[in-house]
Amino acid sequence: MKANCWISPNTVEVTEVPDPSILNSRDAIVRITSTAICGSDLHLLDGYVPTMQKGDIMGHEFMGEVVEVGPGVDRDKLRVGDRVVVPFPIGCGACAACLADLWSCCENTNPNAGLAEKMFGHPTAGIYGYSHLTGGFAGGQAEYARVVLADVNPLKIESDLTDEQVLFLSDILPTGFMGADMCDIHDGDVVAVWGAGPVGQFAMDSARVLGAAHVIAIDDVPYRLEMAASQGYTTIDYSDTDVRSRLLELTGGRGPDKCIDAVGMEATHGAAHVQLYDRAKQAVRAETDRPHALRQAITSCRSGGIVSVIGVYGGFIDKFPAGAWMNRSITLRTGQCHVQRYMRPLLERIERGEIDPTRIITHRLPLSEAPHGYDVFKHKQDHCEKVVLTP
Ligand code: NAD
Ligand code: ZN
Ligand code: ZN
């Protein structure tokens, strides 16, 4: 089959690879009908995740049709012919974390748990297409994928919603929603969102659905800010405006009630950074003078407010404003998304027309053009917001 593979920093390539097969009795094989490129894939592309290996299949946002199931898959849960969206974190459904609805912290699904433990202090869940740190599971930017624990994780789509309406249930819609959910939004809250990429846009939509009276989008990419403005959100271009001052001005001097960081590592590196790559010593980067989203969120948030972090971070960030955080009673919440917690309720919101996930799709490309998709998404060319690939 054809698959989009990581070759080296800044290079992905669509190549011929062996078809996946059932390895464990609870596996299923899914023929992929739609898959997408995520901001998290850019961290891999950039070479910030040192546990990628040449030939690894990319992609953790995918859906399709079940074409084979292992003998141990509970037939009441999944059968050949079912149409499914696959959540990016792999849960076992039975450990303490999964039972607490903390699916991305599953204790059982990362075969390289020791590696994750070294990085993060404790193991984290297996993730498709996200390097050997999260288990080395082949990703979904391919014609077929092996889905593990297939009777626990995939969401069956039984209505006639299109792929484009449900594909983002695999990751970025639940992620944006979790960003807003962690904010405990009260009617009338002002919510500021750093990053108007796909995750940020869904965090904004979710904040509004959950009762925010005023949503403010912060970015420096004009067409992404325009996309947010078209939904009725106030925008701040951080390249020509002092973000904290503007936020205080918009909130009677108190700051936003809730702040969401939908930027992550990019904030520390920036588009113009000088990046060296050394497999053994991990990625080494030169800090730029770009403002750091998380620092800004903590120092701008009103006292007693909540800062919710859904942007992905890897190792350490410098100059964490612990003083502002502690002295002003700010709550910090974060996590890789617990996708399985949100998939079904969000599917219902899509069915009721409360959220339209298709609004962010700007590029529809065949899988064979995945490298071009990465290029336009990363460099924000051609007004790219979200790329959907079809094998
Ligand atoms: P993206 O790269 O398209 O969007 C990031 C946006 O942030 C860009 O528009 C960029 O211009 C903007 N930005 C950069 N620096 C900024 C700054 N200092 N202030 C304000 N905006 C700034 O990516 P995306 O797909 O929207 O993903 C966003 C983040 O969410 C990434 O870090 C991604 O890894 C992460 N993510 C997390 C989860 C999770 O489970 N927590 C899931 C999916 C994605
Ligand atoms: Zn993702
Ligand atoms: Zn588990």
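This is a predicted model: local features need pLDDT of at least 70, side-chain atom pairs count only at pLDDT 80 or more; totals for chains, interfaces and linings use all residues.
**View 1. The area buried between domain 1 and domain 2.** In contact across the boundary are 39 residues of domain 1 and 32 residues of domain 2. Together the two domains bury about 3200 Å². Carbon and sulfur atoms give 62% of that area. On the domain 1 side, Tyr 48, Arg 359 and Glu 385 supply 25% of the area buried against domain 2. No other three residues of domain 1 supply more.

View 2. Domain 1 and domain 2 are joined by 2 salt bridges. In the model, the side chains of Arg 359 and Asp 205 form a salt bridge, with N to O at 2.9 Å. Arg 359 is also one of the three residues that supply 25% of the area domain 1 buries against domain 2. Polar contacts across the interface link 9 residue pairs, with both residues at pLDDT 80 or more.

**View 3. The side of domain 1 that touches domain 2.** Three helices, α1 (39–46), α3 (113–120) and α12 (339–351), each supply at least two residues to this side. Helix α12 gives the most, with 6 residues. By residue class, this side of domain 1 holds 21 nonpolar, 9 polar and 9 charged residues.

**View 4. The surroundings of ligand 1.** Around ligand 1 are 33 residues. The closest are Ser 40, His 43, Asp 219, Val 263 and Cys 337.

**View 5. Polar atoms close to ligand 1 oxygens.** A polar backbone atom of Cys 337 lies 2.7 Å from an oxygen atom of ligand 1. Cys 337 is also among the closest residues to the ligand. The side chain of Arg 224 places an N or O atom 2.9 Å from an oxygen atom of ligand 1. For Pro 198, a backbone N or O atom is 3.1 Å from a ligand 1 oxygen atom.

Methods: Residues are numbered from 1 along each chain as its sequence is written. Chains are lettered from A and ligands numbered from 1 in the order in which they are written. Side-chain values use heavy atoms; hydrogens and water are left out. Contact means heavy atoms within 4.5 Å. Buried area is the accessible area (1.4 Å probe) that two parts lose on being put together, summed over both. A salt bridge is a side-chain nitrogen of Lys or Arg within 4 Å of a carboxyl oxygen of Asp or Glu. A polar contact is a pair of N or O atoms within 3.5 Å; within protein, one must be able to donate a hydrogen and the other to accept it, and residues adjacent in sequence count only if both atoms are side-chain atoms. Helices (H or I, at least four residues) and strands (E, at least two) are DSSP runs, numbered from the N terminus. Ala, Val, Leu, Ile, Met, Phe, Trp, Tyr, Cys and Pro count as nonpolar, Asp, Glu, Lys and Arg as charged, and the others, Gly among them, as polar. A residue is near a molecule or strand if one of its heavy atoms lies within 4 Å of it.
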